[in-house]
Amino acid sequence: MFEQSIATLAQKLRNKEISSVELTRLFLDRIKTIDPQLNSYITISDTLALEQAQAADALLSSGKGTSLTGIPVAHKDLFCTQGTLTTCGSKMLHNFIPPYESTVTDRIQQAGAVMLGKTNMDEFAMGSSNENSFYGAVKNPWNLDKVPGGSSGGSAAAVAAGLAVAATGTDTGGSIRQPASFCGITGIKPTYGRVSRFGMIAYASSLDQAGPMAKSAEDCAHLLQAMAGFDEKDSTSAETATEDYVSGLEAPLTGLKIGLPKEYFGDGLDSQVADTIMAAVKEFEKLGATVKEISLPNLQLSIPSYYVIAPSEASSNLSRFDGVRFGHRCEDPKDLLDMYMRTRAEGFGTEVQKRIMVGTYALSEGYYDAYYLKAQKIRRLIKEDFVKALDEVDVIMGPVAPTTAFGIGSKTHDPVAMYLEDIYTLSVNLAGIPAMSVPAGFVDGMPVGLQIMGNYFAEAKLLNVAHQYQQHTDWHLQTPTMAKGA
Amino acid sequence: MNWEVVIGLEIHTQLSTQSKLFSGAAVGFGAEPNTQTTLVDLGMPGALPVFNKEALRMAVMFGHAVNAEIGMTSVFARKNYFYPDLPKGYQTSQMDHPIVGKGYLDVTLEDGTTSRVGITRAHLEEDAGKSLHEDFQGMTGIDLNRSSTPLLEIVSEPDIRSAKEAVAYVKMIHSIVTYLGICDGNMAEGSMRCDINLSLRPKGQKEYGTRTEIKNVNSFRFIEKAIYTEIERQADILEDGGRIIQETRLYDPEKNETRSMRSKEDANDYRYFPCPDLLPVVLTQEYVDEIKANLPELPNQKAARFQSEHGLSEYDANVLSSSRAMADFFEQANDIAKDPKLTANWVMGELSKLLNQEQLDITQSPVNATAFGELLVRIKDNTINGKTAKDVLQAMWNGEGSADTIIEDKGLKQVTDTGAIEAMIQTILDANAAQVEQYRAADADKQKKMIGFFVGQVMKASQGKANPGLVNPILAEMLKGE
């Protein structure tokens, strides 16, 4: 049951083969038995989940509801959920219960989904391994010695291990795609502005974007259908109309033009990962697509530019965590400065502190032009590269990450190696285009994700491309051994 | 040495929008702490700003009124610093691309001369909250009602050369924003506050001297006094061969002195950068033109019209149009009195005197424009004379009713019956036979001086009700004794 798709479960709920309360209990039980090994949840909201499941059952029995009604999902712990602890993976918010609901979780709840709990993540979404959580590292269900990826590592691990049917994630530099790739699930980062950021605790506002993480493209389409669309509470949310993500899934891929950026297949890419990606591309050719080599010449500039822009915005966004109004406050502050300094030193972990300092430096007088402004100029070049490439091809394909999931602790002392993890993903955030990760095979027992990138607001196209691939492959149907049998 | 003062002003004007600059919370003064706030104003995680279009419209109106370039693409930036009443850790303001660019204002001084003050820019920004130190022992309370209140910060060029000119400029800005209806102009409640940048240089020198900034001065009078005080302080230092330190100072009206607040050394690095939560504000020419076409009449336009339409003197027209409320009062009263000169004299004279005595604004006048106009009608039609009218106005002021009611109740109607006046005069002449004889013996010049005595006696006997226009000729005739 836990391996089934949203569409199948929706059918069963409608046919009364199972009730939402039963389904929810099943997942809550699985969380209780399996999650202690994974640490994918920070908060399990069982009481609320069962209430929501009951409401869903009532709605279903009156013949109403959407495809998500009664489906148990989990939310990354940076979406504010009214009345439910929202920590952002940080000690800073260890006691923060928001009196308001984020637009994303609100819309998913309005669609009738049941919230199982809040998933673990790198503190304030900063990290590529989920080792930066105040609530401890998350383990990869395919190999408990490996990281699940980050920062949406908890959501990825929970979905991969069948501890939620689907989950929400956010992607600032690859935080949906890289953990989806490491955990063998499907995740999409929509176009910047496609999904409202209201109530989502900000890391880097101009890059952050929420998206669905699920086992298949089809499940992602169901979740995105509920999440996407204009929100007057977010000024950067796009007024462009949303498409029907589910009904477009079946379109044939004949004539699809795929671009392979040569920069995505150079030094640093694990050869077995490269082979896996090329095998997937072959599969698309069989489905009627043609392949063309393209170039994204400024790819290598995306890491330095990202690691100036994201920390700069973060240094400002995280200023509100000052101990004055909510969250952690140090004990017995001597004076105001002491309160600020100790609150922030105690509340933020080292990676967050590091990025705040980098960002503060990049924005400071005398360095702004050399760093921040320069990075913004590079950002424009990267965007132009994509726009030019997507004039010639329908979608761009490549690896999500240079390797499969690495060992826990193996890169914690080498920040540059850790930052290089994101080389293939963060240029997409700088440009603002949509991109997804689709399971494409295994290397040494660890999943490999294929990245599919598309034009602005082409989410329906990406989901269609991924779905057609998944109709002919079964990589997305694999389940890690530790998740079976329970 | 002969010093020349160089002054530039930054005026913070609170825009009278219904809601805040970036949230739907109401803007208001005096509400219970933290009751006029939303998630945005409280800086809650995940809360996002939404720009108030009303504030945009007001800023563009102001730009037109000061002959300024309108920023067709303006950008909100974050000004980062920590303070307990700054909930987000940054203030959203405008830096490189303000909504109002270069403009100017021609300022008329009391002596009638006009000088042009350049306006560098005017940008939109949100206000911070307020720290409350008194109510909590050993702790500080934070009231975020003011957080995200819209401000238009109007920055002048360093074109101002005297305290009088500074005050005239601020008064003119005050008058413009209240005319436009974009600010209530209430300086006591902080709706307008002024930062004064001031330096001295030897007369004739081109380069500016080192300046100081006096923060948050909130009345016309204090602006003038603060400038005089700071000029004196800087001149003393310079005369003694000392150097001015660039710093921020506070003006203390009680001690009439400026005090150092913080020096440049501990100034913040605000790390401005474009706010990623707000898109650039892009205006269309159509929008800008439409606002220009619908601007209300501005003070200088009104003054010109008062001269041409109502035949007022330049002085009267300027005084009456300096505040929109006074101009409106004048026009409403005149609509009834239909005598612009009489109305102008009474508004600027008796009414202003009473308002000043009780330190009231014209909008708080207990006698409204209509009632005031009705009083003027009674002067015009000779029902009462000017002297009686002052008493009637005082009675109206005290809430005793309309002009007509008071005239009726107190029997203040002028005596215009010639027979009655003649009888009254005869009584006076009979009672003052000696003076009458003296009068008759005097030459014409002397007689002119002496007649005042008899007029006075008659007015006294009539309790002021005798119409002086009638008394004078009849008295002159009867004194001849023929």
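User: What conventions apply to the model?
Analyst: In this predicted model, local features need pLDDT of at least 70 and side-chain atom pairs count only at pLDDT 80 or more, while totals for chains, interfaces and linings use all residues. Residues are numbered from 1 along each chain as its sequence is written, chains are lettered from A and ligands numbered from 1 in the order in which they are written, and side-chain values use heavy atoms, with hydrogens and water left out.

User: Why is the pair A:Arg197 and B:Asp277 called a salt bridge?
Analyst: A salt bridge requires a side-chain nitrogen of Lys or Arg within 4 Å of a carboxyl oxygen of Asp or Glu. The closest N and O atoms of A:Arg197 and B:Asp277 are 3.0 Å apart, so the pair meets the criterion. The count between chain B and chain A is one salt bridge.

User: How much area do chain B and chain A bury between them?
Analyst: They bury about 2,800 Å², 60% of it on carbon and sulfur atoms; buried area is the accessible area (1.4 Å probe) that two parts lose on being put together, summed over both. B:Pro45, B:Phe82 and B:Arg271 supply 23% of the area that chain B buries against chain A, more than any other three residues.

User: Why is A:Asp270 called partly exposed?
Analyst: Buried means under 20% relative accessible area and exposed over 50%, with partly exposed in between (1.4 Å probe, protein chains only). The relative accessible area of A:Asp270 is 27%, and therefore this residue is partly exposed.
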